[in-house]
Amino acid sequence: MALRGNLRDFTVTQLLNLINLAHKTGTLVIEGPNEIAKVFFRDGKLSYAQIGQEDNHLAFVLHKSNRLTTGQLRAIQLRATHVSDKELGLLLINSGHMSQDDILTALQAYFTDSVRRLFTWVEGFFRFENDMMPPEDRITVRLDLENLIIEGARQLREFEQLQDEIPSLDMALRFTERPGSNMQKMNLSVEEWRVVSYINPKNTIQQIASAAKMSDMEMRRIVYGLIQAGLVEVMRPDGSTSVQEKARSAAPVQNREEQKSLVNRLITRIRSI
Amino acid sequence: MQTVKMVVTGPFSAGKTEFIRSVSEIDVVATERKISSDSERAVKQATTVAMDFGRITVDEDLVLYLFGTPGQKRFDFMWEILSEGMLGFIVMVDSTRPETFREARSILETFRAYAPTPYVVAANKQDVDDAWEMEDMRHALRLDNKVKLLPCVATDKNTVKNVLLELLYSILAEMENTEK
């Protein structure tokens with residue numbers, strides 16, 4: 001079934017969040033107004049990216065990161081057209097010209113930068129292709145998406161959209177229990193850390209905003225970023241009316257056993273429809 | 001005579017009225033009006049502007065009312081009124097219209113803030129080719145694994161029954177948990 005839609009309804013940040021949480025493998029294809037981007041993922045991690053017809057061969061990427069001179073790039077482009085990226089990488093490592101780390105770091109920076117450029121895309125259609133993989137001869141990487149998601153979330157400025165995302169500041173926040181999320185690896189800003197330090201099921205978002213001296217808008221933006229990165233989730237603050245109390249007020253009986261009996265009667269009736 | 005209430009909420013045109021219609025023993029009392037905005041008109045011709053409700057008589061002492069909320073945001077002042085005293089609520093989401101997921105999330109958060117009652121999310125139109133996969137919807141709607149996300153076809157009585165039953169099981173489970 002389809003994972004497709006319009007960037008006006010789903011931002012690139014939200015798509016990255018979905019891919020990250022669902023540990024998806026495949027290709028996110030985004031058809032922008034001028035070019036098509038293809039971003040590849042393996043198990044929810046960024047693997048490879050191609051925007052439009054841009055040359056993203058290894059030699060070009062290494063030149064861009066100042067690992068190859070213009071002369072070296074030209075020589076490779078002229079004389080090594082039949083050599084794949086994987087072969088070129090091995091040749092460069094075996095010749096002692098650079099390490100495997102150098103190559104992977106340059107590729108990671110390049111792919112990260114490609115995804116950053118997508119954050120500015122607000123028009124276009126997207127689809128996720130489960131079976132589309134990067135070209136076999138290319139070198140892929142494995143990059144966690146959390147920091148990219150946080151970066152993307154920081155760019156969300158539209159007040160209405162933020163208000164939709166965080167409609168009530170009377171709710172509290174708690175850290176998610178998602179395995180694999182590691183806050184130490186995250187590049188949080190000072191303001192984000194300040195909010196993180198106040199996170200407690202007893203504190204409402206509004207109270208955190210007051211304590212951290214932030215406007216509602218600033219607070220919404222930071223909370224939105226933390227939610228998108230999978231670090232926190234919204235909950236009712238501790239000490240609010242319990243479910244039991246509320247259910248009691250909803251049901252027209254006071255006794256707990258009677259309440260359960262009432263629900264059981266409803267269940268029996270619905271089953272019989 | 002005791003009456004209890006459940007609320008069916010969700011974005012515009014998510015299938016709330018159809019959902020209630022599928023199980024109600026009375027004709028759903030729907031206040032539908034011709035739609036004014038062009039984008040809304042493209043989706044359907046009339047929409048619920050006040051609220052609609054269906055009824056399921058349990059026995060001579062107990063009646064369940066299902067209240068549908070108006071989908072458009074300009075009627076959101078009704079939501080708090082409708083949520084008062086509800087036993088639980090159902091958030092309907094059209095699986096084929098990802099453009100409504102953000103609003104569905106917003107409605108869900110708003111209702112959670114109104115009342116800490118149990119709820120389930122019904123992914124409507126799961127029988128259509130364009131429907132998003134349940135797992136993708138869970139992430140897009142930002143639902144915790146503990147939240148029940150149920151496949152649904154609002155016109156199919158059996159899937160509607162299943163959604164109602166799952167909500168009732170959640171209500172029962174909450175009652176038992178708070179006893180401990």
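1. The buried residues of helix H1 of chain A are A:Val12, A:Thr13, A:Gln14, A:Leu15, A:Leu16, A:Asn17, A:Leu18, A:Ile19, A:Asn20 and A:Leu21, where a residue is called buried if 20 or more other C-beta atoms, placed from the backbone, lie within 10 Å of its own, exposed if 12 or fewer do, and partly exposed in between. Because 10 of the 10 residues of this helix (residues 12-21) are buried, H1(A) is largely enclosed by the rest of the structure. After H1(A) comes A:His23, which has a positive phi, near 50°.

2. This is a predicted model, in which local features need pLDDT of at least 70 and side-chain atom pairs count only at pLDDT 80 or more, while totals for chains, interfaces and linings use all residues. Residues are numbered from 1 along each chain as its sequence is written, and chains are lettered from A, with ligands numbered from 1, in the order in which they are written.

3. The pLDDT, which is the predictor's confidence in each residue on a scale from 0 to 100, averages 86 in chain A, and 89% of the residues score at least 70. Over residues 241-249 of chain A, however, the pLDDT is below 50, although this stretch has 22 contacts in the model beyond near neighbours in sequence; a contact here means that the C-beta atoms of two residues, placed from the backbone, lie within 7 Å. Where pLDDT is low, the predicted coordinates should not be read in detail.

4. Chain A contains 12 helices and 7 strands, both taken as DSSP runs numbered from the N terminus (helices are H or I with at least four residues, strands are E with at least two). Of the 273 residues in chain A, 32% are buried. Among the contacts in chain A between residues at least 6 apart in sequence, 75% join residues at least 24 apart.

5. The domain assignment, which is automatic or from a database, divides chain A into domain 1 (4-143), domain 2 (147-235) and domain 3 (243-272). The C-alpha centres of domain 1 and domain 2 of chain A are 29 Å apart, and their contact takes 12 residues from domain 1 and 9 residues from domain 2. On the domain 1 side, the elements that give two or more residues are H1 and helix H5 (100-118) of chain A, and H1(A) supplies the largest share, 7 residues.

6. Strand E6 (residues 172-175) and strand E7 of chain A pair in the antiparallel sense over 4 bridges, given that two strands pair if DSSP finds at least two bridges between them. In this pairing A:Ala172 stands opposite A:Met235 of E7(A). Strand E7(A) (residues 232-235) has a covered face with A:Val232 and A:Val234, whereas A:Glu233 and A:Met235 are on the uncovered one.

7. In chain B, an open sheet of 6 strands with mixed pairing has the order E4-E5-E1-E6-E7-E8. Strands E4 (52-59) and E8 (149-151) of chain B stand at the edges with a single partner strand each, so one side of each is left without a neighbour in the sheet. Strand E1 (residues 2-9) and strand E5 (residues 62-68) of chain B pair in the parallel sense over 7 bridges, and B:Thr3 has B:Val63 in E5(B) as its bridge partner. Helix H12 (residues 256-272) of chain A packs on this sheet, touching E1, E4 and E5 of chain B, and its direction makes about 100° with that of E4(B); such angles run from 0 to 180 degrees between N-to-C directions, with axes fitted to C-alpha atoms, for helices over the stretch in contact.
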